[in-house]
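Biologist: Hi! I'd like to go through this structure with you, step by step. Can you take my questions as they come?

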Amino acid sequence: MKNQKNITICLLASFVAWTLLVSFADVQPIGPQSSYVGLATLNGFIRDLVGVNMTLYAITDWLGLIPIAIAFGFAVFGLAQWIKRKNILKVDRSILALGVFYIAVIAVYVFFEKIVVNFRPVLIDGYLEASYPSSTTMLVMSVMTTAAMQIGVRIKNDIFRRCVIGAIIAFTTFMLVGRLLSGVHWISDIIGGTLISAALVSAYSGFCNENKS
């Protein structure tokens with residue numbers, strides 16, 4: 001378990017280091033309304049390469065409701081266990097930890113909505129919006145990865161389990177690639193969202209491995 005903790009610390013440190021780079025390295029006014037963007041050379045190159053696809057943006061935005069629905073489903077599952085067992089401490093520890101995990105994801109989102117690192121490379125409805133880290137990337141990677149972990153334990157049929165996990169991997173990949181190709185995020189936003197998600201998931205995985213319910 002010590003290795004898992006080290007992995008979590010390394011991932012979190014990588015996110016912090018990446019955030020500092022995005023905040024202070026190669027900052028130039030290349031965004032809409034001359035907004036300043038960190039790692040401008042890299043971000044500008046990828047932006048010019050992929051362009052903007054608002055249809056893909058809309059599709060990935062709507063598909064972002066799927067991980068929200070999954071998170072809600074696990075919340076209902078935990079509530080059902082609580083009601084049935086009549087004691088919140090008797091709810092599976094991995095489910096209780098999942099609730100804390102979701103709160104942590106929301107906290108990160110709210111923090112970076114208040115502390116803006118970068119704005120989007122395009123205006124949304126005529127307004128500049130905070131874009132770092134990519135909230136969609138963070139949501140999809142966090143919820144879908146932990147959902148796969150839960151499914152791996154709770155679905156006993158091997159074929160069905162493999163199919164569901166395969167679908168989760170395909171969906172997650174599509175969402176990450178689609179979000180990048182839509183052009184509504186800088187590449188640094190996607191990387192930042194991936195790093196913080198990986199750190200949170202690693203912490204959750206470590207807890208579950210130490211506390212088998």
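Predicted model: local features only at pLDDT ≥ 70, side-chain atom pairs only at ≥ 80, totals over all residues.

Biologist: Which helix gives the most to the lining of the largest pocket?

Modeller: Let's start with the lining, which counts 25 residues. The top contributor, with six residues, is helix 5.

Biologist: How much space lies in the largest pocket, and which residues lie nearest its centre?

Modeller: The space comes to about 550 Å³. As for the centre of the largest pocket, the lining residues nearest to it are Ile68, Tyr109, Ser135, Thr136 and Leu139.

Biologist: Are helix 5 and helix 8 roughly parallel or roughly antiparallel to each other?

Modeller: Take the axes of helix 5 (residues 93-114) and helix 8 (residues 187-210): they come within 10 Å and cross at roughly 160 degrees. Angles over 145 degrees count as roughly antiparallel. So helix 5 and helix 8 are roughly antiparallel.

Biologist: How many nonpolar residues does the contact of helix 5 with helix 8 have?

Modeller: The crossing itself is right-handed. On the helix 5 side, the contact uses Arg93, Ser94, Ala97, Leu98, Phe101, Ala104, Val105 and Val108, while helix 8 brings Ile196, Leu200, Val201, Tyr204, Phe207 and Cys208. Split by class, this contact of helix 5 with helix 8 has one polar residue, one charged residue, and a nonpolar count of 12.

Biologist: And how is helix 6 placed against helix 7: roughly parallel or roughly antiparallel?

Modeller: The axis of helix 6 and that of helix 7 (residues 158-182) come within 10 Å, crossing at roughly 170 degrees. Since angles over 145 degrees count this way, helix 6 is therefore, relative to helix 7, roughly antiparallel.

Biologist: How many charged residues are in the contact of helix 6 with helix 7?

Modeller: From helix 6, the contact residues include Thr136, Val140, Met144 and Ile151, and from helix 7 they include Arg161, Ile165, Phe171 and Arg179. The whole contact of helix 6 with helix 7 divides into 12 nonpolar and four polar residues, with the charged ones numbering two.

Biologist: Is the crossing of helix 3 and helix 7 left-handed or right-handed?

Modeller: The axes of helix 3 and helix 7 come within 9 Å and cross at roughly 145 degrees. Among the residues that meet there are Leu56, Tyr57 and Ile59 in helix 3 and Phe171, Phe174 and Met175 in helix 7. By class, the contact of helix 3 with helix 7 has eight nonpolar, three polar and two charged residues. The crossing of helix 3 and helix 7 is left-handed.

Biologist: Which two residues does a cis peptide bond join?

Modeller: Go to the loop between helix 5 and helix 6, where proline 133 sits. Omega is about -15 degrees for this cis bond, and the joined pair is tyrosine 132 and proline 133.

Biologist: Last one: where does aspartate 26 lie?

Modeller: Aspartate 26 isn't a glycine, yet its phi is positive, at about 50 degrees. You'll find aspartate 26 in the loop between helix 1 (2-24) and helix 2.

Notes. Residues numbered from 1 in each chain as written. Heavy atoms only, no water. Axes fitted to C-alpha atoms, helices over the stretch in contact; angles between N-to-C directions. Helix = DSSP H or I, 4+ residues; strand = E, 2+ residues; numbered from the N terminus. Parallel < 35°, antiparallel > 145°, perpendicular 65-115°, else oblique. Left-handed = near helix turned anticlockwise from the far one by under 90°. Contact = heavy atoms within 4.5 Å. Nonpolar A, V, L, I, M, F, W, Y, C, P; charged D, E, K, R; others polar. 1 Å grid on protein atoms, 1.4 Å probe; cavity = no way out; pocket = protein on both sides within 12 Å on 5 of 7 lines; lining within 4 Å. Points joined across faces, edges and corners; volume = space filled by probe spheres on them.
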